[in-house]
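Visitor: I would like to learn how to read helices and charged pairs in a protein model. Could you take me through them slowly?

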Amino acid sequence: MASTANPFSISLSSKPTAKPSLFNPSEQLSLRVQTHGVGPFRSSNFSVKLTVAKSKSKIMATSAQVVDQPPSKTAMEVVEVGLGDRSYPIYIGSGLLNQPELLQRHVHGKRVLVVTNTRVAPLYLEKVVDALTKDNPNVTVESVILPDGEKYKDMDTLMKVFDKAIESRLDRRCTFVALGGGVVGDMCGYAAASFLRGVNFIQIPTTVMAQVDSSVGGKTGINHPLGKNLIGAFYQPQCVLIDTDTLNTLPDRELASGLAEVIKYGLIRDAEFFEWQERNMGALIARDPNALAYAIKRSCENKAEVVSLDEKEGGVRATLNLGHTFGHMNESFVVVYHVSQAIETGVGYGKWFHGEAVAAGMIMAVDMSYRLGWIDDSLVKRVHNIVKQANLPTSPPESVTVETFKAVMAVDKKVADGLLRLILLKGPLGNCVFTGDYDRKALDETLHAFCKS
């Protein structure tokens, strides 16, 4: 936290606890904090329970309550994705690429292949290679630099990764490292899942979108001309390392794109987080490091919990696709997920960023939810306002027609037995449903309200 004159008043009490945890805590603290207008965050009172871990020199939050003052960016946070013997950590913090031991502990074998792209390589490839090899002379690192952009998320580009791995004679104990945004992470993960029938891999996401969403949970794959992410596999990494300093080089438009996924978590399952965003969206857009670190951590906690419950999207995990069906149509161009896919597919991959398509898809999903009578108009207005505050689009491109939406939705991954299932809001903020049981008239009305016939 920034050093200011009496910015907080704090009271706490401790009590022993016998409840075990991953970090072997010895006691629990009740903490009450009053803020007095620190930085961009509002004055407020909040309370949170903390668990002190004697075996690790850090305090782990155990309360789900949102705080108005995020922790200092100097502290590393660890979020665990619980998948039994395939569980893995998400490291979040500033300067983590300067801590070689974090990466090296997850490298299996002596050979590493770093997969990155033409934009990220000049910025961070050398630093990652140094982190992998510092005081570690037995490890050798190869790299493959792919062209940058969603339009290259295809089989031809994927083959470049396999070509490099085979030419370098990598074996089954090698480790692939994904260094870049969502496209690089998806392709590297799919290559790792397929090469020699599966090798280890690590995610180092460098965009907000990848840090809060695509790097966590093991979804990997490539696009097909007829649809987004139709070819791929569920394949979990050894770890996800999020160095928040990499966001310093992220263009404003890509920063905003990533915030669409942050908004999504609040809408579908974390009302307090959504309310925090309403108060702090200005700080996020201004790149306040504490605000960004908190938003990333909170998003990862939401994603990790859902993945732990439903790794392969059999039920609850599908709700993370809010705005994506509509959105994927916007990008090239489901209802939140289906719309974004329709937008992406309909206008051509790469013309809209994924988050931009998701944002427009969320607006359309909210509209349809309201037409069904599942939410009230106040929530419609709040979602519209926060999307605008994040500098994101609130409608699909003019080129996307009703017919285009319907054609792309017909081949979406969430179609089951010929029925298009949608993620829609229902009830109070923070609640949603994944369902095919809805009035088709409401879908048609939403499509015609936003698109040309």
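Guide: We begin with the model as a whole, then turn to one helix and to some salt bridges. This is a predicted model, in which local features need pLDDT of at least 70 and side-chain atom pairs count only at pLDDT 80 or more, while totals for chains, interfaces and linings use all residues. Residues are numbered from 1 along each chain as its sequence is written, and side-chain values use heavy atoms, with hydrogens and water left out.

Visitor: How many helices and strands does the chain have, and what share of its residues is buried?

Guide: The chain has 14 helices and 18 strands, where helices (H or I, at least four residues) and strands (E, at least two) are DSSP runs numbered from the N terminus. Of the 453 residues, 56% are buried; buried means under 20% relative accessible area, exposed over 50%, and partly exposed in between, with a 1.4 Å probe and protein chains only.

Visitor: Which residues of helix H12 are buried?

Guide: An α-helix has 3.6 residues a turn, so residues three or four places apart point the same way. In H12, the buried residues are Leu379, Val383, Ile386 and Val387. They cover an arc of only 100 degrees around the axis, which puts them on the same side of H12; the arc is that of the directions from the helix axis to the C-beta atoms. On the other side of H12, Lys381 and Lys388 are exposed.

Visitor: What do the buried residues of H12 pack against?

Guide: They pack against helix H6 (252-269), helix H7 (271-285), helix H11 (354-371) and strand S17 (422-425), where contact means heavy atoms within 4.5 Å.

Visitor: How many salt bridges are found in the whole structure?

Guide: Side chains of opposite charge can pair when their charged atoms come close. A search of the whole structure finds 19 salt bridges, each being a side-chain nitrogen of Lys or Arg within 4 Å of a carboxyl oxygen of Asp or Glu. One of them joins Glu311 and Arg86, whose closest N and O atoms are 2.8 Å apart. Glu311 lies in the loop between helix H8 (289-309) and helix H9 (324-331), and Arg86 in the loop between strand S5 (77-81) and strand S6 (88-93), so the pair ties together parts that are 225 residues apart in sequence.

Visitor: Is Glu311 buried or exposed?

Guide: Glu311 counts as buried, because its relative accessibility is 14%, whereas Arg86, at 39%, counts as partly exposed.
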